[in-house]
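Please open the structure in your viewer and keep the selection panel at hand.

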Amino acid sequence: MREIKASRITQAVTELVRQANFILRQDVLSALRGAYKFEKNQRAKTILKAILDNAAYARKKNLAICQDTGMPVVFVEAGQDVKISGDLKAAINKGIEEGYKKYFLRNSIVSDPLLRGKPKFSPCVIHTDIVRGNKIKLTVMPKGFGCENKSQLKMFKPTAATEEIKKFIVEAVKSAGPDACPPYIVGVGIGGTADYASILAKKALLIKIQAENSKLEEDLLKKINKTGIGPMGLGGRCTALAVKIQKYPTHIAGLPVSVNISCHALRSASIIL
Amino acid sequence: MKKLNSLKAGQQIFFSGTIYTARDQAHKRMVAAIKTGKRLPFELKGAIIYYCGPTRTPKGKVIGSCGPTTSLRMDEFTPLLLAQGLSGMIGKGGRSKEVRDAIKKYKGVYFVTYAGCGALLSKYVKGAKTIAYRDLGPEAIIKLEVKDFPLIVAIDANGGCIYDAD
């Protein structure tokens with residue numbers, strides 16, 4: 001058993017909060033640069049230029065890329081041969097809180113979803129996977145709610161045609177329209193159960209944008225970009241930077257499909273301890 | 001302020017002057033205040049509201065990251081504010097038919113600005129003072145002084161809308 005102290009987890013999460021919020025992911029930056037070249041429309045180009053300038057300015061000035069520093073989502077891949085000394089969940093939340101405070105990020109979390117109240121920095125949402133090995137991988141994803149609000153889940157019939165599923169995904173993007181900061185990155189989870197498909201959709205957003213696409217992903221991206229929604233919804237060739245799909249076995253009676261849209265400011269940072 | 005009425009959907013302007021941040025909970029409170037005859041935290045007549053909840057202000061800076069939030073969540077409150085004299089709104093994304101009609105009726109204007117570019121937009125904010133609803137944290141009302149703040153007219157006083165254009 002390899003031992004990792006809870007305080008080390010806290011420290012790592014605090015640093016990931018800084019990286020995720022101030023430094024735009026390299027793959028997202030490259031995709032945005034590609035989109036800038038791909039666009040013909042002058043306004044769309046101007047908007048993409050502002051998005052790229054924003055990322056550079058945020059990095060240089062230690063400012064949040066977006067004021068919506070999200071509901072922090074933390075993915076934990078814990079090796080089964082690791083022993084955490086201390087309280088793992090508390091350590092993660094402490095890291096989130098310290099990071100958000102230290103770097104002047106936004107307190108966007110209300111303790112009770114119905115009663116609301118004064119926003120706080122935590123808790124975050126934690127997804128844990130137990131894997132082989134004696135390491136622990138931590139990923140912090142500040143997920144803005146402009147785009148999270150556009151999430152959709154549909155339980156298809158097992159006999160549904162792939163065309164119906166494609167239509168559902170494209171319609172989800174169309175209904176987000178100009179509201180959730182396009183160009184989007186579209187995360188899709190297919191299979192499992194309702195809850196699991198939604199986790200897969202979110203995890204799909206962690207896949208490197210330039211990673212090789214399936215035919216289905218390519219096809220969906222083409223269809224989405226044909227909508228002409230464009231950057232900021234003001235028209236253009238680039239409505240999405242990527243469509244990423246994660247699949248999992250499912251039940252004979254069903255076919256869950258979940259769509260988790262990200263704005264162009266797709267933020268995450270990881271470390272392996 | 002009169003000039004705002006003559007803007008056309010699709011035009012880009014650089015605005016200098018005063019704007020007030022207000023988002024979900026602040027809208028709910030302001031509308032409740034109007035309905036019960038209470039005083040509002042600022043004079044609505046001629047005012048511009050910015051749908052924005054900035055990050056906390058880093059030391060030595062005027063404001064933190066401060067981009068627009070999704071406007072449509074404010075739609076149910078907006079017609080009443082326009083009826084009370086609100087001149088302009090700044091946000092991101094589309095609006096309901098009711099808001100569009102109210103903008104036309106009361107000769108207001110709805111702008112969008114660079115969405116997801118909160119760091120960049122902070123450059124154009126020269127002053128920031130929290131004036132009300134401090135208990136709402138990032139949803140408090142902040143009076144901002146901006147210079148050359150980039151805006152695109154999304155819905156104009158004649159009901160022209162940028163999202164119809166193409």
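Predicted model: local features only at pLDDT ≥ 70, side-chain atom pairs only at ≥ 80, totals over all residues.

The stops below begin with the whole chain and then turn to single residues and pairs.

**Whole chain.** Chain A contains eight helices and 10 strands. Its radius of gyration is 19 Å, close to the 19 Å that the globule rule gives for 273 residues, so chain A is as compact as a globular protein of that length. Along the principal axes, the C-alpha atoms occupy a box of roughly 50 × 50 × 40 Å. Of the 273 residues, 55% are buried. Now display the surface: the accessible area of chain A is about 12200 Å², and carbon and sulfur atoms contribute 54% of that area. Colouring by charge shows 44 positive and 23 negative charges, whose mean positions lie 5 Å apart.

Select A:T14, which is found in helix α1 (residues 6-22) of chain A. Is A:T14 buried or exposed? A:T14 counts as buried, because its relative accessibility is 9% and the cut-off for buried is under 20%. Leaving aside residues up to four places away in sequence, A:T14 touches A:G95, A:E98, A:G99 and A:Y103.

**Salt bridges across the chain.** The structure holds 22 salt bridges. Select A:D68 and A:R106, which form one of them, with 3.5 Å between the closest N and O atoms. This pair links distant parts of the chain, 38 residues apart: A:D68 is in the loop between α3 (42-61) and β2 (71-79), and A:R106 is in the loop between α4 (88-102) and β4 (125-131). Both A:D68 and A:R106 are buried.

Next, select A:K203 and A:D129, whose side chains meet in a salt bridge at 2.5 Å, N to O. A:K203 belongs to helix α7 (residues 194-204) and A:D129 to strand β4, so the pair ties together parts that are 74 residues apart in sequence. A:K203 is buried, with a relative accessible area of 19%, whereas A:D129, at 27%, is partly exposed.

**A salt bridge within one helix.** Select A:K166 and A:E163, whose side chains form a salt bridge at 3.1 Å, N to O. Both residues lie in helix α6 (residues 162-176), three residues apart, about one turn of the helix. A:K166 is buried at 11% relative accessibility, and A:E163 is partly exposed at 48%.

Conventions. Residues numbered from 1 in each chain as written. Chains lettered and ligands numbered in written order. Heavy atoms only, no water. Helix = DSSP H or I, 4+ residues; strand = E, 2+ residues; numbered from the N terminus. Rg over C-alpha atoms; globule rule 2.2 N^0.38 Å. Buried < 20%, exposed > 50% of the residue type's maximum accessible area, 1.4 Å probe, protein only. Areas by Shrake-Rupley, 256 points an atom, 1.4 Å probe, with all protein chains shown as cover. Lys, Arg positive; Asp, Glu negative; His and termini not counted. Charge placed at Lys NZ, Arg CZ, Asp CG, Glu CD. Contact = heavy atoms within 4.5 Å. Salt bridge = Lys/Arg side-chain N within 4 Å of Asp/Glu carboxyl O.
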